[in-house]
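Hi,

Here is the model I promised to pass on. Have a look, and my notes follow below.

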Amino acid sequence: MSLQELEQEPFSVHEFVERLAWKTMGSKARSNPEEFDPILLHTAFEKMINDLQKKNEETQREIERLESSCKDEEKKHWQNVAELQKKNQALYTNFQKLDERISYVATKVVHLGDQLEGVNTPRARAVEAQRLMKYLAEFLSGEALKSAILTDPFQLQLAADIIQKLHLIALELPVGGKFDRARQKIAEKYDHIEKELIGEFKNAHREGDIKRMKKIASVMTNFKGYGECINAFIVESQRNAFIKPNVFDEVLPLCEKTNEIIHSVFNAPENVMGKFVQNIFQEKIKNHVSKQLGNRSEPEQYLKNLNDLYNRTIKLTNELSGFKFGSDSSLLSKLTKGIFQSHLDNYIEFETRYLRDRCTILLHRYYESKEHQKKQIQSGGIHDFRRDIQAKIGKANINIGPAIEDYGGEIFLSQEVAINILQETKIAFKRCQVLSSTSDLGSNAVKIFDVLSQYLVVEHIDYALELGLQAIPLSDPKTEPVVYFFDVVNQSNTLFHLVEKQFMDSLLPLVLSSQKHGVCLKRKRELKEQLENKIDQGIDRALNSIIGWVRQILSTEQKKTDFKPDDDATMLMLSPACEKVVKFVAKQARLISDSLDGKNVEIIMMELGKRFHRLIYEHVQQFYYNIIGGMLVICDVNEYRKLVKEEFKVPLLSRLFEVLHSLCNLLVVVPENLKTVITGDHLTELDEAVVSSFLQLRCDYKTAKIANQVKR
């Protein structure tokens with residue numbers, strides 16, 4: 001076995017020993033134990049151990065040799081580092097000497113420059129003064145100018161420098177005498193050169209010669225007409241611009257292009273850029289806005305244009321905010337305010353006036369389509385008192401109360417009208433958010449909400465509820481009542497939910513951080529309570545009317561003989577009165593279910609069911625019953641129970657009628673079994689007086705001595 005296997009990776013001692021034993025003994029010794037030779041295996045292990053020891057010694061010698069070589073290399077390395085440090089120190093010393101020498105020479109050079117400047121500056125000034133005196137002499141001579149610089153149009157910039165200095169000198173000359181004529185000629189030449197420079201500047205701008213524009217602008221800096229140069233630049237920059245109808249689309253690209261030119265030409269580019277933008281706002285945008293908003297005869301279009309133009313202007317100012325306009329950081333907001341302030345001052349008055357007119361038109365068209373003339377409705381107080389009196393004395397055929405008019409079932413509520421009004425106010429809220437200042441936003445939003453409340457809630461929903469209240473039949477009707485009020489309730493709730501949704505979505509975000517927040521919540525709560533009070537009042541009247549008709553049926557159709565017939569009389573499955581009552585109440589229950597939804601159905605069904613149960617309970621106790629009559633009343637009550645279970649679908653009501661049905665069973669049970677029945681599930685929790693009152697309705701109550709039978 002080779003020792004090279006020791007250098008293989010990964011190395012396993014266990015596998016190495018296994019391979020050594022396997023190669024030494026062979027495969028036969030592994031399958032046949034009799035051929036196993038331990039001596040041979042021992043000899044092989046001893047030989048391998050000796051080989052491994054020799055290999056270890058060789059490896060150790062190699063390690064010692066490499067360590068010695070590494071130490072020699074490290075020693076040489078540190079010698080090189082020491083030599084390099086000495087050289088670095090020498091270089092640093094030489095660098096300090098050189099730096100001191102350079103500083104010395106620089107000081108000498110500066111001193112020499114100061115001496116030369118001290119000598120040259122007076123000389124240059126004297127030369128310049130001599131030159132100016134020469135040109136001044138030409139103006140004093142009274143003759144035509146002869147100097148080439150002052151007469152050559154191609155040396156305009158040099159002439160400008162000279163005439164500007166002569167202009168300053170002329171200002172210092174004494175007034176009167178020979179200097180007046182010279183001063184006048186200098187001023188004329190000054191104005192002429194100024195105009196020529198501006199003309200050259202315009203030509204350079206049209207040719208796109210930025211370098212020439214910059215030179216001329218630099219020369220013009222010291223002239224009085226520098227502002228005219230800037231104005232000329234502004235006019236030339238807008239040449240062939242603003243051709244399209246919409247000026248806003250062209251402003252930003254023009255400003256970006258012009259800003260680059262301004263920074264290349266003028267020494268104070270930020271101020272020039274401010275004047276450029278100011279000119280665009282005050283000339284182009286203001287004229288465009290005035291043209292668009294000049295006609296206020298169409299309020300809707302005016303408000304739409306105002307909102308659109310203001311939005312576009314604000315968007316433009318945000319896009320231009322990246323430019324610098326000098327020291328005035330609020331320039332853009334001032335320009336915007338200057339354009340729109342006259343329109344924004346009375347915006348909310350215009351908005352609310354338009355909303356009122358629009359809502360009035362929508363409501364008028366709706367009522368006109370229904371051929372209805374809105375009327376002033378009296379409610380509460382004496383009006384309700386007269387209605388109640390009319391219900392009490394109806395049999396006397398004396399009419400002192402208001403006439404009942406149901407308008408053919410028309411409820412006078414329109415989702416289309418409501419949606420149109422809400423759409424108008426939604427748009428108004430959006431405009432209000434844009435066009436109102438931060439301080440006025442809350443109060444302006446409240447004014448819009450007041451219009452919405454007045455026209456949609458008060459003049460439409462509340463008005464419909466008032467009409468619905470007047471149309472409800474009296475509580476003691478003489479003919480079958482037709483109740484449309486539940487449809488009014490359903491539609492009123494639907495429309496007011498739409499109002500509440502807009503309140504949350506559009507109004508609250510505008511007033512949330514202002515003092516008007518609480519005012520709005522209070523106003524909405526008051527409107528809701530006002531509607532709920534009328535709805536509660538109307539539902540109470542409607543239920544009274546329904547129960548009143550049931551009472552009328554029972555009082556006119558139900559005969560005493562129905563429950564105390566002769567022994568040979570034919571037994572009926574239902575009394576005629578019961579059939580009519582069930583038919584009428586089922587119709588009303590379905591009407592309520594179809595007209596209302598959610599919890600409203602359950603609440604009204606519960607109230608109607610309780611009144612219906614009380615009426616039937618009292619009605620049953622008005623008669624005495626024999627066996628056949630008892631069976632008939634049980635059938636009637638069972639029919640009422642089925643009606644309540646199927647149509648009302650309120651478990652508590654079903655429970656009440658089940659108890660009533662069990663009480664009616666007492667009318668037919670044989671006396672001997674009464675005590676057992678009374679202790680049943682439905683009757684055990686009832687008061688003894690209630691059970692006793694039903695037992696006393698039996699014709700055999702005294703003869704059968706039932707009181708003794710049921711003693712507990």
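A definition to start: buried means under 20% relative accessible area, exposed over 50%, and partly exposed in between (1.4 Å probe, protein chains only). By that scale Val105 counts as partly exposed, because its relative accessibility is 39%. Val105 sits in helix α2, residues 38–141 (helices are DSSP runs of H or I, at least four residues, and strands runs of E, at least two, numbered from the N terminus).

Two housekeeping notes. This is a predicted model, in which local features need pLDDT of at least 70, side-chain atom pairs count only at pLDDT 80 or more, and totals for chains, interfaces and linings use all residues. Residues are numbered from 1 along each chain as its sequence is written, and side-chain values use heavy atoms, with hydrogens and water left out.

On the fold: the protein has 24 helices and 0 strands. Of its 712 residues, 39% are buried. Taking contacts (heavy atoms within 4.5 Å) with a separation of 6 or more, 75% link residues 24 or more positions apart.

As for the surface, the protein exposes about 42,200 Å², and carbon and sulfur atoms supply 52% of that (Shrake-Rupley method, 1.4 Å probe).

Now confidence, as pLDDT (the predictor's own, per residue, from 0 to 100). The average is 84, and 83% of the residues score at least 70.

Cheers
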